[in-house]
Amino acid sequence: MWQYALRRLTHLIPILIGVSVLIFLFVRMIPGDPARLLAGQGATLQEIEMVRQDLGLDKKPVAQYFDYMGKALRGNFGKSMMTRLPVAKEIGLRLWPTVQLATVSMVVAIVIGISAGVVSAVKRNTWWDYTAMVGALIGVSIPSFWLALMLMYLLAVYVRVFPTFGYGTWRHFVMPAFTLGVGAAASIARFTRAAMLEVLNQDYVRTARAKGVQESKVRLKHALKNAMIPVVTITGLQFGFLLGGTVVIESVFQWPGLGTLLVNAVNGRDYPVVQTLMMLFALQFVLINLVVDLLYAVIDPRIHYA
Amino acid sequence: MINTWFRFLAVAMILGLVAGCGGGAATPKTDSATPAPAQQPATPKKTAAVAATAGDAIVLDPHDTNDNLSYGIENTIYEGLVGFDKDMKVIPVLAESYKASDDAMTFEFKLRKGVKFHTGEPLNAAAVKKSFDRVRDPNNKLRRYSLFGPITSIETPDENTVVFKLSEPFGAMLFNFAHPAGKVIAPSGVDKGKDELARNPKYGTGPFMFKEWVQNDHITVTKNPGYWNAAGAAKVESITFRAITEAGTRTNGLKAGDLDWVLPVPPVDAIALKTDPKVKINSAPSIYVFYIAYNMTKKPFSEPKVRQALNLAVDREAIRKGVLRGFAEPVTSYLAPNVGFYVKQADEIKRDVEKAKQLLKEAGYDGTEFELYSANSTERKDLAAAIIQQLSEAGFKVKSVPMDNASLSTNIWTQDKDHIKVQMYLGGWSTSTGDADWAIRPLLYGKQAPPVGYNMGFYDSPKANKLIEDGLRTADPAKRAPIYAELQKVLWEEQPWVPLYSSQNIWGTGANVDGAYVQGDGIVNYNGIYFK
């Protein structure tokens, strides 16, 4: 298994190079001139040219690419065009808050999602099932933006239990993590329910019951464990998305995460920041997929990686 | 065998706890936003103000700034030789007095004595020279270079006198000195350079001193105990600027009391907040004029009757009252009323659809569809939609083309006289120097058409061009006034735009907060903020 993991990790190199080339091309293909934007309204052509030279954008694109990659390989991702801070620092400052929020939200999502999914599968076609599934439908459909502002109004303005915005203590996590968690929980619940229903009809479940295994053990050990594969897949995907930062929730709760950084960087055509962030997101996705694949083997011993 | 599900759950919960609490020590705490105790027994007067801004500052180097948000924060730390008062009139700040030569080529400032920078260095002629030498040197590649580029030499005849010499007459130069970029930076700061000044603005003379900047979270400034001007000294111990992009969050923060001062407040929220006793909503006219520019070099807009029809087809009153909920002023000249040399030309143009239709018929407009370019913010798109609806009632066919700023600017600046892309453009402009020249020249001077400037309609009127040039030949207000009066008349007659309205700045404060205000140019003056 470790050999397999190592082999998968070596695949990262061509992936990251591919991503870097693509992103480099894309950010330059979309219209918009960073020098013009930075120079601002009312800037003269001379000022714009000065900014362009300052940013090194007067060089040939190929030269710019190798310049960026050459430095990136040595761990220097350049300076943000807008804030003049090193890109690594700019991202580093926001990576941890994003990881924290994504992790806490995923925990919320997993706890709510799997519990609701299991209950509604086991109690199929009862009001337990209907409540859980209507809840999931609402969870998927509700705009997170609206939910966030409503929660804020209720729990921060009307009843002053949590801070309206900000980052720092556990209290700051409650509303954003719940908002994000509910959205993710809904799809996890639906996947769990579907997978559980399939498994509950299998012969080995009947066998387990026939030999007198406790019903709770049947459900959680024999059924749920075998139903986990699609659930782990969807959970991994959701986690990947959350790690990319969540623009809406970040801006509503003033969370200093990667999502707002990316949006600002794209709007300002801050090339070094966009490039580096995209490579980071690609890296995160590859790693999460790898972890998910390895988890398959843990969940189902029949799966082997050689 | 232990159930996998429970193991999984346990691991997930531990992870969550670690992530949720582990970072606490290493990361900045945001005390200001934690809820206050439910009961407050006669709380002592607050001394730390929290102001919300619509985003994070970009850099805090006045010479390298071009956004109002950053300027507002810089204004608490840095001061210029001259500045603006509440009504955008130029007033002396670090200079005691100033005078301009008749030919508008020499500007002399007498410095105030006894002023010290936050670093302890004294403010003297050499320091002022060093600061302005920095911004006017093209090799430093500073974004506000062009404001001070016309300076050819700076002389310091004595400790407290600075004389600026220009390469050519520039009557509006005093306004450039008053511009928020005309700040004096301490010599040690100039030596440290661009990266230091961008992030650590510790080199001013202002009523507040820089304390910290936590990226994307907050910026804090604290009272300067040694401020030179007792009358203008800070009335609070500190101001924290919180970057909050979402308008709904700013509104909730204000209601909850987590925020003392909020700009901007959207018109809809402003109306809702007016009934809240804990909140005060303020509005004041800006010096922004919103307009539609159209390409004057090509048919049909080269035809005066079509331009007249456009102007008559728009229902300005409906836009002000409906789209902007009353937070706008009628436009009565190409200058906003608070800009110097403003002369009212007429009442707001009234809508006359029948006459517009008639004029279009006479001009022979064939119903060709035009694209109206604008920014893609919700507010701007709503405005464009309302205007297009009104124009269509008079027989114009117009399509809205909203774009993000970067794409919009590329479309505008890759065109020239022979390659027109943008036929109609909806935008707003304020003169960042507060002077009439910068309100008109970048937008309506013949030599400022793209790709050079912002004259989106390629308007090139010999009459207007000459008056624009004349206005800069002298710094004497008595001589400039009649020139700009005439210029406004010419513009009103030739109609290079559909002038729409002049906007208002809307800001909200706690009911117990006062003293800070928004200038006409949209820049906040936080210095006087206090709690009642």
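Chain B has 17 helices and 21 strands, where helices (H or I, at least four residues) and strands (E, at least two) are DSSP runs numbered from the N terminus. This is a predicted model, in which local features need pLDDT of at least 70 and side-chain atom pairs count only at pLDDT 80 or more, while totals for chains, interfaces and linings use all residues. Residues are numbered from 1 along each chain as its sequence is written, and chains are lettered from A and ligands numbered from 1 in the order in which they are written.

Me: What makes the radius of gyration of chain B agree with that of a compact globule?
Reply: The radius is taken over C-alpha atoms, and the globule rule is 2.2 Å times the number of residues to the power 0.38. For 532 residues a compact globule would have a radius near 24 Å, and chain B has 26 Å, so the two agree. The C-alpha trace of chain B spans about 80 × 80 × 50 Å along its principal axes.

Me: Why is B:Lys141 called partly exposed?
Reply: A residue is buried if 20 or more other C-beta atoms, placed from the backbone, lie within 10 Å of its own, exposed if 12 or fewer do, and partly exposed in between. B:Lys141 has 17 C-beta neighbours inside 10 Å, and therefore counts as partly exposed. This residue lies in the loop between α3 (125-136) and α4 of chain B, and its phi is near 50°, a positive value in a residue other than glycine.

Me: What makes B:Arg325 partly exposed?
Reply: B:Arg325 has 14 C-beta neighbours inside 10 Å, so B:Arg325 also counts as partly exposed. It is found in the loop between α11 (316-323) and β13 (328-329) of chain B, and its phi, too, is near 50°. Of the 532 residues of chain B, 49% count as buried.

Me: How do you know that β8 and β9 of chain B pair, and in which sense?
Reply: Two strands pair if DSSP finds at least two bridges between them. Strand β8 (residues 208-214) and strand β9 (residues 218-223) of chain B have 6 bridges, in the antiparallel sense. Within this pair, B:Met209 has B:Thr222 in β9(B) as its bridge partner. The strands form a hairpin with 3 residues between them, and B:Asn216 in the turn has a positive phi of about 65°.

Me: Why is α8(A) called roughly parallel to α8(B)?
Reply: Axes are lines fitted to C-alpha atoms, for helices over the stretch in contact, with angles running from 0 to 180 degrees between N-to-C directions. Angles under 35 degrees count as roughly parallel, over 145 as roughly antiparallel, 65 to 115 as roughly perpendicular and the rest as oblique. The axes of α8(A) (residues 144-158) and α8(B) come within 10 Å and cross at roughly 10°, which means that the helices are roughly parallel. Among the residues that meet here are A:Leu149 and A:Met152 in α8(A), and B:Gly248 and B:Thr249 in α8(B).

Note on methods. Two residues are in contact if their C-beta atoms, placed from the backbone, lie within 7 Å.
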